[in-house]
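Dear colleague,

Please find the structure we discussed handed over below. My findings follow it, arranged from one local feature to the chain as a whole and then to individual residues.

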Amino acid sequence: MEVTKEKFLELVKTYQLDSLEKVKKAYALAEYLHKDQFRESGEEYINHPLNVAYILAEMHADSDTLCAALLHDTLEDTKITKEEIEENFNSDVANLVDGVTKLAKMNFATKEEQNLANTRKIITGLSNDVRIIIIKLADRLHNMRTLQYKRAFKQKENSLETLELFVPLAYSLGAYRIKSELEDLSLKYLKPGVYKQIAQKQELIAEHSMPFLQEMLLKIQEILTCNGVNSEIKIRTKNIYGIYKKLEEGYKLSNIHDLLALKIMVDELYDCYISLGLIHHLYHPMNSKFKDYICNPKTNMYQSLHTTVFGPNGELVQTQIRTYEMDKIASFGLTSYFDIESDDARVKMQKALKDKFQFFTSLVDIDSTFKNNRDFVREVKKEVFADKVYVYTPKGEVIELPKGSTVIDFAYKIHSDIGNTMIGAIVNDADVPLSYVLQNKDRVKVITDKLISTPKKEWESIAQTSLARRKIREVLKSN
Ligand code: MN
């Protein structure tokens with residue numbers, strides 16, 4: 001689809017009528033400043049900021065974010081200054097443009113140090129105004145969509161950086177839609193052969209599955225309607241990179257049960273459970289494949305019920321049941337806050353980031369512990385962007401930790417007092433040593449003794465997270 005100025009403004013009108021003039025003004029200014037500039041594709045440069053702004057308008061971004069997106073390359077590529085942007089708009093727009101520019105423009109001695117410093121800037125930028133990162137994600141998405149005009153080396157380099165940095169960022173923020181598209185585009189350039197092969201197989205499977213999925217869709221729709229539940233059902237396909245990863249893990253294509261799934265959206269929370277019951281009435285569930293992410297949300301806020309059922313002819317089909325509201329969060333994550341109250345999007349988002357996203361606390365901690373950029377980036381990759389384990393507290397709260405974490409890491413993540421007074425641990429009703437490596441779904445209970453207040457020296461080398469190690473060191477030093 002080609003994005004035009006008219007299409008963009010139409011979209012903005014649907015949810016930001018009051019700010020239309022301001023957005024138009026930003027467009028006019030960007031167009032004027034970028035005149036005579038062209039992209040490698042040969043098209044006028046303004047098309048790029050326009051597309052970036054369009055991606056953000058699709059998320060219902062607030063008007064400051066849209067203006068900043070339109071102007072995001074002007075500080076770097078044209079003569080305008082930050083002060084002039086502030087005079088023409090406001091300090092938020094100016095700071096956003098400045099923030100996005102600084103992410104791309106750092107001057108350090110060696111290329112490598114520059115990259116590391118830049119990476120750190122991008123990641124820690126989350127704590128100032130997360131909208132800077134969201135604009136950066138939209139910018140990267142459009143650049144990836146138009147990567148065919150770059151040279152082969154640049155294509156691979158950008159794709160790798162996208163997979164290593166922007167995909168985990170999008171995932172952490174729960175922005176699944178952007179994440180999936182970035183993944184597929186990266187794979188397409190990094191492994192074109194594999195990408196093509198999977199894409200073809202995916203199509204074959206979709207062709208094979210469509211008839212029984214359609215049949216199920218109609219039957220489910222009917223039983224829900226009969227029982228007074230309004231719903232909308234869609235057939236959802238796993239993205240190509242998602243399939244690729246499963247295959248890499250050793251799965252056979254025929255054993256990936258969520259290749260195609262039925263997504264059922266309903267109005268109210270309790271409709272989810274009514275729907276679940278009705279679906280299980282129609283099709284036998286696989287007991288081991290049921291997940292309640294509504295009562296136990298994922299740590300990036302994702303909520304849904306997942307149940308895999310025996311469909312027609314014994315075909316296994318995953319169904320995902322959620323409200324429209326949950327579906328919005330499933331697609332857009334933190335960025336869905338744009339839509340909730342567009343006036344103070346920034347405040348709402350920063351608060352949600354702090355309160356609801358566990359990765360953010362780890363990030364802040366790593367940032368304060370590691371002064372050296374190389375160490376910082378290494379730790380973030382290891383702890384924040386790497387694979388995670390999810391374990392339960394005795395009260396059923398879900399705690400996210402990097403894979404390989406031990407009971408010691410768990411204790412310090414809960415509270416330093418728990419860590420410092422720990423004398424043992426029980427995992428799934430059995431005593432375990434403190435070096436026990438946590439597995440998904442473990443129930444972890446830490447045994448403490450209030451008379452003890454110092455960790456053991458050897459814990460420092462057993463702990464995997466920088467948080468635990470730092471806290472252990474702090475106590476040991478002060479004694
Ligand atoms: Mn750009």
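Helices, as the word is used here, are DSSP runs of H or I of at least four residues, numbered from the N terminus. The model is a predicted one.

Helix 13 itself covers residues 240-248, and I240, Y241, G242, I243 and Y244 in it are buried. The partners against which these buried residues pack are helix 10 (152-172), helix 11 (176-190) and helix 12 (192-226).

**The chain as a whole**

The protein chain comprises 23 helices and 10 strands. Its radius of gyration is 24 Å, close to the 23 Å that the globule rule gives for 479 residues, so the chain is as compact as a globular protein of that length. Along the principal axes, the C-alpha atoms fill a box of roughly 70 × 65 × 45 Å.

Of the 479 residues, 52% are buried. Among contacts with a separation of 6 or more, 65% are between residues 24 or more positions apart. The chain exposes about 23400 Å², and carbon and sulfur atoms supply 50% of that area. As to charge, there are 67 positive and 69 negative charges, and their mean positions are 5 Å apart.

**Enclosed elements and residues**

Helix 20 (residues 407-414) has 6 of its 8 residues buried, so it is largely enclosed by the rest of the structure. The buried residues are V407, I408, D409, F410, A411 and Y412.

D64 belongs to helix 4 (residues 63-70). Its relative accessible area is 12%, under the 20% limit, and D64 is therefore buried. The side chain of D64 is joined to that of K22 by a polar contact of 2.6 Å. Beyond its neighbours within four places in sequence, D64 is in contact with K22, N90, D92, V93, L96 and R131.

H306 is part of strand 4 (residues 305-310). With a relative accessible area of 10%, H306 is likewise buried. Its side chain forms a polar contact of 2.7 Å with the side chain of Y302. Once neighbours within four places in sequence are set aside, the residues in contact with H306 are K289, F290, K291, Y293, Q318, T319 and Q320.

I55, in helix 3 (residues 47-58), is buried with a relative accessible area of 4%. Not counting residues up to four places away in sequence, I55 touches A138, L141, H142 and R145. The C-alpha atoms of I55 and K196 are 26 Å apart, and these residues are separated by 141 residues along the chain.

**A partly exposed arginine**

R378 lies in helix 19 (residues 373-383). Is R378 buried or partly exposed? Its relative accessibility is 44%, and R378 thus counts as partly exposed. Its side chain makes a polar contact of 3.2 Å with the side chain of E379. R378 and L116 are 262 residues apart along the chain, while their C-alpha atoms are separated by 9.6 Å.

Most residues other than glycine have a negative phi. D429, which is not a glycine, has a positive phi of about 70°. D429 is placed in the loop between strand 8 (422-427) and strand 9 (430-432). With a relative accessible area of 64%, D429 is exposed.

K441 also has a positive phi, near 70°, and is a residue other than glycine. K441 is found in the loop between strand 9 and strand 10 (444-448). At 55% relative accessibility, over the 50% limit, K441 counts as exposed.

With kind regards

Conventions: Residues numbered from 1 in each chain as written. Predicted model: local features only at pLDDT ≥ 70, side-chain atom pairs only at ≥ 80, totals over all residues. Heavy atoms only, no water. Buried < 20%, exposed > 50% of the residue type's maximum accessible area, 1.4 Å probe, protein only. Helix = DSSP H or I, 4+ residues; strand = E, 2+ residues; numbered from the N terminus. Contact = heavy atoms within 4.5 Å. Rg over C-alpha atoms; globule rule 2.2 N^0.38 Å. Areas by Shrake-Rupley, 256 points an atom, 1.4 Å probe, with all protein chains shown as cover. Lys, Arg positive; Asp, Glu negative; His and termini not counted. Charge placed at Lys NZ, Arg CZ, Asp CG, Glu CD. Polar contact = N/O pair within 3.5 Å; in protein donor to acceptor, adjacent residues only side chain to side chain.
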